[in-house]
Amino acid sequence: MATYSSSPFAGKTFGVTIDKLNKSFDGVPVLRDVSLEVRPGEIFVIMGPSGSGKSVLLKHVAGLELPTSGRVLIGDLDASDPQTRERVHLALVFQAGALFNSMTVYDNLALYPREHRLCNEAGIRERVLRTLQILSLEKAVDKFPGELSGGMKKRVAIARALVMEPELLLYDEPTSELDPVMSATITEIIATLREQTAVTTIVVSHDRDLALAIADRMAVIMDGRIRATGKPGEFKNPADPAIANFLNPTIDLKHPRFQQLENDHE
Ligand SMILES: Nc1ncnc2c1ncn2[C@@H]1O[C@H](COP(=O)(O)OP(=O)(O)O)[C@@H](O)[C@H]1O
Ligand SMILES: [Mg+2]
């Protein structure tokens, strides 16, 4: 992997404080009293089953959802304050990539630097090509997202975040829908980028291998509530049966749900 050369923002990053965050949609609670402290420069992984509130939580950090109560701070700035978005280079890598399908990979990456007039077109080109090189995507530069494999699309989505020279990097399910080899590659990329940039990185995922491999610290969220927080080692043999079953699910073919499936096929 090529190195991420120093940028005007290199070394600048932020901690994140989530303080008694509650979120309801139409009176239905989705986040319940969530409090977490993410330290500057660390990789913090939030794991939880599907529907547990991970994406909603990440959107609060990105300022895309407003708390029903409680707050999220980026450094000492309120994440829900629109001015914070101007002061913090924050990049969110969406689950589905959220690439513009009518634009080439090059234009997808150039979009943010152009809109924010970060540099002239030659500077943008240099920056886009350098970022593509970091992610081994040189050959994809003139392709459209529809022409790319799932793993390449994820890498383009990461590249597009990186081109913003983020001071806070958020990933939503970076390894979902990928085969194990590509999942491992993306996991390595996330760890390497943090190493090279020291950027605070928050990953939400249900990928246990990813969490145990790269988290400095992690939390498990269930039903909108933080169930446990700690170092990955502390999750190897969890005493809490709900966490144990989530992290190490056992498949019991005699379980009634499988009997039901068999009956459905008859
Ligand atoms: N904009 C919304 N309006 C209403 N309900 C929502 C909205 N966004 C998420 N939810 C609900 O919040 C819950 C948590 O969703 P989400 O954070 O996407 O879960 P996940 O952990 O799979 O990322 C789900 O029940 C989902 O249906
Ligand atoms: Mg989600």
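## Briefing: a loop, a ligand and a sheet

Let's start with Leu-64, which sits in the loop between H1 and S4. Helices here are DSSP runs of H or I with at least four residues, strands are runs of E with at least two, and both are numbered from the N terminus. What you're looking at is a predicted model, where local features need pLDDT of at least 70 and side-chain atom pairs count only at pLDDT 80 or more, while totals for chains, interfaces and linings use all residues. Residues are numbered from 1 along each chain as its sequence is written, and chains are lettered from A and ligands numbered from 1 in the order in which they are written.

**The chain as a whole**
- There are 9 helices and 10 strands in the chain.
- A compact globule of 266 residues would have a radius of gyration near 18 Å, and the chain's 20 Å agrees with that. (The radius is taken over C-alpha atoms, and the globule rule is 2.2 Å times the number of residues to the power 0.38.)
- Along the principal axes, the C-alpha atoms fill a box of roughly 60 × 45 × 35 Å.
- Of the 266 residues, 38% count as buried. (Buried takes 20 or more other C-beta atoms within 10 Å of the residue's own, exposed takes 12 or fewer, partly exposed is in between, and C-beta atoms are placed from the backbone.)
- Take the contacts with a separation of 6 or more: 68% of them join residues 24 or more positions apart. (A contact means two C-beta atoms, placed from the backbone, within 7 Å.)

**Around ligand 1**
- The shell is made up of Phe-25, Val-30, Gly-48, Ser-50, Gly-51, Ser-52, Gly-53, Lys-54, Ser-55 and Val-56. (Each has its C-beta atom, placed from the backbone, within 6 Å of the ligand.)
- Helix H1 (residues 54-61) gives the largest share of that shell, with 3 residues.
- By type, the shell splits into 3 nonpolar, 6 polar and 1 charged.

**The open sheet**
- Four strands line up in the order S2-S1-S4-S5, with antiparallel pairing. (Strands pair if DSSP finds at least two bridges between them.)
- S2 (28-38) and S5 (77-78) stand at the edges with a single partner strand each, so one side of each has no neighbour in the sheet.
- S4 (residues 69-74) pairs with S5 in the antiparallel sense over 2 bridges, and Leu-77 in S5 is the bridge partner of Ile-74.

**Helix H3**
- Val-105, Asn-108, Leu-109 and Pro-113 are the buried residues of H3 (residues 105-115).
- They cover an arc of only 135° around the axis, which puts them on the same side of H3. (That arc is of the directions from the helix axis to the C-beta atoms.)
- These buried residues pack against helix H4 (121-134) and helix H5 (150-162).
- After H3 comes Arg-117, with a positive phi near 45°.

**Loop residues worth a look**
- Most residues other than glycine have a negative phi.
- Glu-173 has a positive phi, near 50°, and is found in the loop between strand S7 (168-172) and helix H6 (180-197). Glu-173 counts as buried because it has 22 C-beta neighbours inside 10 Å.
- Ala-198 has a positive phi too, near 60°, and belongs to the loop between H6 and strand S8 (200-205). With 15 C-beta neighbours inside 10 Å, Ala-198 counts as partly exposed.
- Back to Leu-64: 14 C-beta neighbours inside 10 Å make it partly exposed. The C-alpha atoms of Leu-64 and Ser-80 are separated by 7.6 Å, with the two residues 16 apart along the chain.

Technical notes:
Nonpolar A, V, L, I, M, F, W, Y, C, P; charged D, E, K, R; others polar.
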